[in-house]
Structure formats: structure tokens, C-alpha cells
Amino acid sequence: MYKEIVINDTPGETRIAILEDHQLVELLVERGEGGRMVGDIYKGVVGAVLPGMQAAFVDIGSEKSAFLHVSDMRDLVLETTNGSVDQLEVEDGQRVVPPNAPIQDLLEKGQDVLVQVTKEPIGTKGPRVTSQISTPGRFLVLVPFSGAVGVSRKIEDPKERERLKEISREIRPPWGGLIVRTAAQGVSKRQIKRDLKYLVKSWKKTTGTAEKKRAPALVHSEMGLTAGLVRDVFTSDVDRLVVDSRRGYREIGGYLRMVAPDLRGRVEYYKDSTPVFDAYEIEGEIEKSLRRKVYFKKGGYVVIDHTEALTAVDVNTGRYTGKKDQEETILKTNLGAAREIGRQLRLRDIGGIIVIDFIDMATEGNRQKVVQELKKVLARDRARSKVLPITELGLVQMTRQRVRPSLLHQYTDECSCCEGTGKVLSLDSIMFLIERAVRRVASSRREKKLKLVVSPEMAVHVVGEEEGWLRMLEKDTRRGIEVTDDRDLGREEFRVVGVRSGKELASEKQG
């Protein structure tokens, strides 16, 4: 598989596209007004402890308080007395904490606690945090206050796994554990030690900052989008990285010079006058990723709908009818849909509960083929996912790790006309709403002449296409009705105004 990373870096926005075999599979966006929070470490203050939920809300200085569940409470890092960092007791590599201790025994209101953001604020929910802090490097992840040593499951060679474990056991600090990342495969002990030196220095700086600052305060900021992606994704399996910013090109080159000098030759500075995302045909794919309906090869398509609780995906055959029997047609459509759905989940960064309505298949073997195809595509996804077996109704239930708001959430706002339903009232329905409002005004007011103020679209409908209805309404109410348009009104908005008094007598307003 040919893999590329394309970076469009401007002063107000950084966009990073990941392509596999020249097809867009992932898009990361960071804008100046609100950078990422995941990975940031805060010295927070416990605002409330909720035993019923076994959780606490922590003030970290953000708009909404952070949510901390007891399952993320293995390590407490700050004492309540003076807010200074305390090297907590460690026994066999783990802090001594009573098993299954309730949240009220671990935290109290007003207590300072060091936490790390694991999930961005999404919708009405604040960020999610953990006190099990970790700091990632190129080859290692440092886990303070843990004695554990682990190796990435993606490193499958037993000899290499054992080599990396031995190195980790030898070099790990007495107060922390290490997790070896996939990028460390084949890397020398010297390079790994250099990565650990950087992580230890960074952690000491974080704890030093935490000692000095008063909560709530940010004590460590995770790398920016570009540097973080180069650290986490730009490995030997990436064939090329293209960036259109000279500043970004220098930043990436400088980082690689320290950690992976062999990859510097794969970085290119894009100088062409054509925008880089246009040259790689990425802009069109981004626009498609915001659509509800997505077509794939063979003429089939999927429909993606977002609800409050889950995302629903419906599979349709479209124009594809196949060449043989119906079951073959359905299987090929479902397999194509599974591949496209896997790509769209990554591209749109859809998380949480996802329900996929595949077309019903007659045989269990074909159902399994579709589920396996979906799992195969998701295996390349950096976010964790779990796919359940397909049901007799052709439904697949799955979950995908949600870390940040989806692409749709980042790029769009809720429609002020339909308020997120995707539907607006028909012009005839609005017309009858107006009629009822006018009749109510006529029955309770003495105004003989009324002005009906509507949207331009509605004015054309009433005056040009439904003039008979307007004349009938004037006759029934014995009121003269003057229609005027206001371009500031939405489709469903209108006002009924008394001509003599100039008062608004009735209205329909959105929002």
C-alpha cells in the first residue's frame, strides 16, 4: 500500500490529509481559535464529587468542567495540603490504592489533582480527563508512577518484542513505567534512550510547573497538530510527506533530524502555484465527506445520518443490479459498502455507537464475509473499534473510539431554519400557518388593513401562485391584506402587522 501525508499549513488553519493508495482516508484540522486539548496536562481543582456516578467534576480552567471517572483514578498526583507535587508511594511499580475504592475515598471537593485530557469537549459535554498520566515520545510512552513495561501489539516478532522489553526494563526510571511504540521496531538502544531522556526532561518540567502554578492551570501542552502527527504517524511505512509551508517544512525537518534522520528524504516542500489540496484532489473529497449520501464503485451508495445517541448508516444497491443472481448482487454491494463505510468512519472521524443496516443476505457465510471486510478496513484505523456479529436483520452494531468532535461538527453549524432536522415546512404548510394567524388577528383586532411580511420565497408563492387563496382570505376575514417580502426572514418566518397602528399583531419566529 502506497501511503502519503499531505499538509496544508496556513496562519489560520492547518489541515493534514492521510492518503492510502491515493485515496483520502483521514483528515485532521486545527484552527487558530481553538487548538486540540487531548494530551494536555492540567493542575485542576475538584469542584464536585458524585458518589452515585462514581465520578468527579474537575475545574481545569476551561469553559466546561472536566469529567473524571473512578476508573481513571488509579494515580493521584497532588496532595491537598499545599498543592505541591508529591512522589507517591510505589510498590511493585504501582501506587498502593485500595482495590475498588469508591471515588469519595479518593477525592474531596477543593482538592488539587493533576489530570490529562483524553477526550475533547463534544456538544454539551466537557472534556474527559484521567489521572493516569502518560507522555508519548517517538519510540516510547512514559507512564509516571507505574512500574509496568509493555510493547505495542503491532510488533509481532517474538525476538524483537523480547529485545525491546529488555531495553525498557534496563532504562526505565524507578518512578515510572514504559510502553514501547510500534515505531521502535528495529531501532537501536541508543535512539530509544535518547527518546526517554527527552520524555523524562519533559515530565520534570511538567511537575515543576505544577508545583509553581495555582490551580486551575495548564502545566503541559501537547505537541501541535503537525509535530504530533509526525511523531505518531510518520513512520517507515509512509512513502512521502508533502507540506506547502516553508515554516512547516523546517519544523518537520528539525524534528526528524533528532529522532528519525533516515526519513528526512521522504519530506517534500510543495512549491507549485496550484493549492496542494487541489493538486492531490483532496478538496473535492472533503466536500463529499460532508454529504449525507456517499456513492461507491458499482453504483451502490450509503446514507449516513447522525442522531443524538448514535450514527445510523443505510446501504443501498443504487444502479448496480449485478450480472447473475440477486444474492451475488447483494453480497458485492455489501462488500463495497463495508469498504466505503470503514473509510468514511475514519475520514469523518465518527465515534460512539454506530449501527449499519446492510442489505439482507440469505446465507450466514456471506454475512461473515461482510463483517470480516469491515474489520479488515478498520484494522488500519488509528482509533479503536469493536464490531459485533451481523444480526438476522442485516444490522451491524459497532463502537468507535471518540476523542474529538467529528469532521461534520468541525465544519458545520446547525441549520437555523430546520434546527438540525434536515427538513423544513412546505410552502403550503407555511401558507396555512399564516392563514390561521390572520384569522386569529381578524377575530380579536379592529385593524381593517393588515400587512403580511414574509420571506421572498414565500412572497412569490402567495402572490404569484396562490393569489386565489389570498383573495379568499381577504373575503372571509373582511380585511385588506398587503403582502411584502423581507430578505432577512427565514423560510418559515412571517409577521402580521396592522397598517394603521404599525404594531406587530402576530408572528412566527425561529430560534
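**Legends to close-up views of the predicted model**

**View A. Packing of helices H4 and H5.** In this predicted model, helix H4 (residues 225-232) packs against helix H5 (residues 246-259) at an angle of about 35°, and their axes lie 10 Å apart. The crossing in which H4 passes H5 is right-handed.

**View B. Residues in the contact of H4 with H5.** From H4, the contact draws on Thr226, Ala227, Val230 and Arg231. The partners contributed by H5 are Glu251, Ile252, Tyr255 and Leu256. By class, the residues of this contact comprise 5 nonpolar, 1 polar and 2 charged.

**View C. The largest cavity.** Across the whole structure, a search returns 2 cavities of 30 Å³ or more. The largest cavity holds about 60 Å³ of space. Its lining is formed by Leu27, Leu28, Val29, Arg36, Leu225, Asp349, Arg404, Leu407 and Gln410.

**View D. Elements and residue classes in the lining of the largest cavity.** Two or more residues of the lining come from each of strand E3 (23-31) and helix H10 (407-411). E3 supplies the largest share, with 3 residues. Sorted by class, the lining of the largest cavity contains 5 nonpolar residues, 1 polar residue and 3 charged residues. Among the lining residues are Arg36, Asp349 and Arg404, and Gln410 also belongs to the lining.

Conventions: Residues are numbered from 1 along each chain as its sequence is written. This is a predicted model: local features need pLDDT of at least 70, side-chain atom pairs count only at pLDDT 80 or more; totals for chains, interfaces and linings use all residues. Side-chain values use heavy atoms; hydrogens and water are left out. On a 1 Å grid over the protein atoms alone, a cavity is a set of points where a 1.4 Å probe fits but cannot get out, and a pocket is an open set with protein on both sides within 12 Å along at least five of seven lines; lining residues have an atom within 4 Å of a point. Grid points are joined across faces, edges and corners, and a volume is the space filled by probe spheres set on the points. Helices (H or I, at least four residues) and strands (E, at least two) are DSSP runs, numbered from the N terminus. Ala, Val, Leu, Ile, Met, Phe, Trp, Tyr, Cys and Pro count as nonpolar, Asp, Glu, Lys and Arg as charged, and the others, Gly among them, as polar. Axes are lines fitted to C-alpha atoms, for helices over the stretch in contact, and angles run from 0 to 180 degrees between N-to-C directions. A crossing is left-handed if the near helix is turned anticlockwise from the far one by less than a right angle, and right-handed if clockwise. Contact means heavy atoms within 4.5 Å.
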